[in-house]
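Please read the following briefing alongside the model. The points are grouped by topic.

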Amino acid sequence: MSKTTSTSFDEILAGQIFTSPELWSNFEILCDDMGCRFAGTPEEKEAARFLEGKLREYGLENVHAEEFEYNGWTRGKARLSVTSPLHRDLDCLSMPMSPPGRVHGQIVDLGAGAPEAFNASNLEGNVALVTNVNPTSEERWIQRTEKYNRAILAGAGAFIFVGNTEGVGPITGTLGFNRWGLIPGIMVSKEIGLFLRRLTRRNEQAEVEIETTDTQARKTSWNIIGDVKGSSDHMVVIGNHYDGHDLAQGAEDPTSGLVAALEIARVLPRLSGRLECTVRFVLFGVEELGLIGAHAYVDSHPRDIANTRIMFNLDSSGRNAPLGLMLYGPDTRAYFRDVCKDLNEDLFVDQETSPLREPEHLSADHYPFMAQGVPSCFLRDPENSLTRTFYHSAHDTVDKVRALDIKEAAFLCARLAWRVANEDRWPVKRPSQDEIAQMQSEYDKGEVVQIEKAVEVLRRKWPQR
Ligand SMILES: [Zn+2]
């Protein structure tokens with residue numbers, strides 16, 4: 001790869017990205033005009049059409065929408081009432097994938113939801129109160145779905161998920177990855193959670209009634225795809241989901257990364273004819289209910305997956321936070337450290353090499369790629385999402401995001417993608433199918449998968465509603 005070429009590419013790219021009003025215009029259209037784009041809403045469909053139109057307008061090739069089916073969910077009204085020792089109605093919302101139901105029971109405060117907390121003797125038929133903080137006793141990240149699944153297996157009748165940030169209301173998130181929940185799950189603000197905790201501390205028999213009215217149904221969504229063609233069969237994928245949660249506009253998550261991807265798609269075709277590999281844009285549907293679009297893409301493109309050098313995940317990358325390169329799958333640290341020198345970028349570069357996946361990795365769109373042995377690069381804050389004040393809350397709105405942060409994410413990812421796409425020799429050894437199968441079977445023996453499997457066994461016995 002000639003350095004002069006990449007330097008002049010950077011100059012054209014910077015000029016395009018840092019001077020154009022297009023990026024912010026796309027951002028406001030997606031967030032203000034279309035809103036949350038939650039899976040199954042008319043706004044989701046509108047966004048899919050808008051993105052497809054933009055990729056065509058920008059001159060990409062092979063632009064199309066790929067349809068897939070999934071287990072969908074529509075929010076209904078939720079109710080939370082303290083019935084003993086006092087009477088009070090409290091604000092709450094049901095959590096995505098919660099079934100409808102009505103449960104009356106004692107509140108059992110399980111704190112941060114450490115695995116051993118679910119051994120509480122009084123949980124059967126009662127209501128688990130769990131915060132979204134990670135238990136300090138655990139080294140690994142315990143995802144909300146694991147806490148919910150443990151509550152189901154312990155016989156709880158319902159689940160209350162408590163936010164951990166003052167003043168932002170409940171923190172949302174799905175209760176199952178493409179799986180409907182088995183017991184009602186609701187979310188409350190940190191303040192309401194603390195009230196319930198105090199009530200429980202002073203009254204052993206503090207009781208609540210919970211009612212959810214959500215509906216579960218099979219639905220259809222779309223991945224939006226477009227290519228900037230290179231001269232070989234090899235491919236670099238730039239991905240980002242376009243669905244948000246229905247509490248807010250989803251400005252940081254996912255739109256700050258989505259418009260960065262769109263911006264790269266706008267600029268790259270102006271420089272085409274100079275690419276060795278094809279750069280493919282995949283704008284995923286239904287990430288928030290379980291990476292469903294990303295799984296659908298990987299499952300239906302085995303040949304492209306075999307030819308994919310790397311998948312860049314831009315999700316939330318344009319929010320106001322430092323950017324690092326979080327690498328997954330085959331080790332690409334040495335390569336990216338060299339590239340960072342070439343870019344004059346002092347970036348934090350780290351690699352998750354140990355297991356095929358951990359629960360945390362399940363929650364972003366690069367996971368299905370990495371599970372097929374594709375190296376993945378997640379452009380994100382190395383300090384991670386726990387410090388994200390507005391994450392999955394009603395306050396994830398346009399005013400939290402700065403255009404300059406989105407431009408930086410777009411510029412950085414475009415420079416990286418350009419270099420990987422033009423490398424004469426890509427120095428990465430992909431695992432064989434046997435090695436992938438071996439990693440998968442080791443992971444399947446782990447606790448998180450065993451818990452999911454136990455819930456599936458229970459689902460088959462579960463009374464039909
Ligand atoms: Zn996201």
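Leu194 belongs to helix 5, which spans residues 190-202, in what is a predicted model. Leu194 counts as partly exposed because 14 C-beta neighbours lie inside 10 Å, whereas a residue is called buried at 20 or more. Although Leu194 and Val162 are 32 residues apart in sequence, their C-alpha atoms are 8.4 Å apart in space.

**Strand 6 and its partners**
- Strand 6, made of residues 127-131, is mostly covered, with 5 of its 5 residues buried.
- Val127, Leu129 and Thr131 point one way from strand 6, while Ala128 and Val130 point the other way, and all are buried.
- Strand 5 (residues 101-109) runs parallel to strand 6 and is joined to it by 3 bridges, with Ile107 standing opposite Val127 of strand 6.
- Strand 7 (residues 158-162) also pairs with strand 6 in the parallel sense, over 5 bridges, and Phe159 in strand 7 is the bridge partner of Ala128.

**Packing of helix 6 against helix 11**
- Helix 6 (residues 251-267) and helix 11 (residues 403-422) pack with their axes 8 Å apart and at an angle of about 50°, and the two helices are therefore oblique to each other.
- The crossing in which helix 6 passes helix 11 is right-handed.
- On the helix 6 side, the contact involves Ser256, Gly257, Val259, Ala260, Glu263, Ile264 and Val267, which meet Asp405, Ile406, Ala409, Ala410, Cys413, Ala414 and Ala417 of helix 11.
- The residues of this contact between helix 6 and helix 11 divide into 10 nonpolar, 2 polar and 2 charged.

Terms used: Residues are numbered from 1 along each chain as its sequence is written. This is a predicted model: local features need pLDDT of at least 70, side-chain atom pairs count only at pLDDT 80 or more; totals for chains, interfaces and linings use all residues. Axes are lines fitted to C-alpha atoms, for helices over the stretch in contact, and angles run from 0 to 180 degrees between N-to-C directions. Helices (H or I, at least four residues) and strands (E, at least two) are DSSP runs, numbered from the N terminus. Angles under 35 degrees count as roughly parallel, over 145 as roughly antiparallel, 65 to 115 as roughly perpendicular and the rest as oblique. A crossing is left-handed if the near helix is turned anticlockwise from the far one by less than a right angle, and right-handed if clockwise. Two residues are in contact if their C-beta atoms, placed from the backbone, lie within 7 Å. Ala, Val, Leu, Ile, Met, Phe, Trp, Tyr, Cys and Pro count as nonpolar, Asp, Glu, Lys and Arg as charged, and the others, Gly among them, as polar. A residue is buried if 20 or more other C-beta atoms lie within 10 Å of its own, exposed if 12 or fewer, and partly exposed in between; C-beta atoms are placed from the backbone. Two strands pair if DSSP finds at least two bridges between them.
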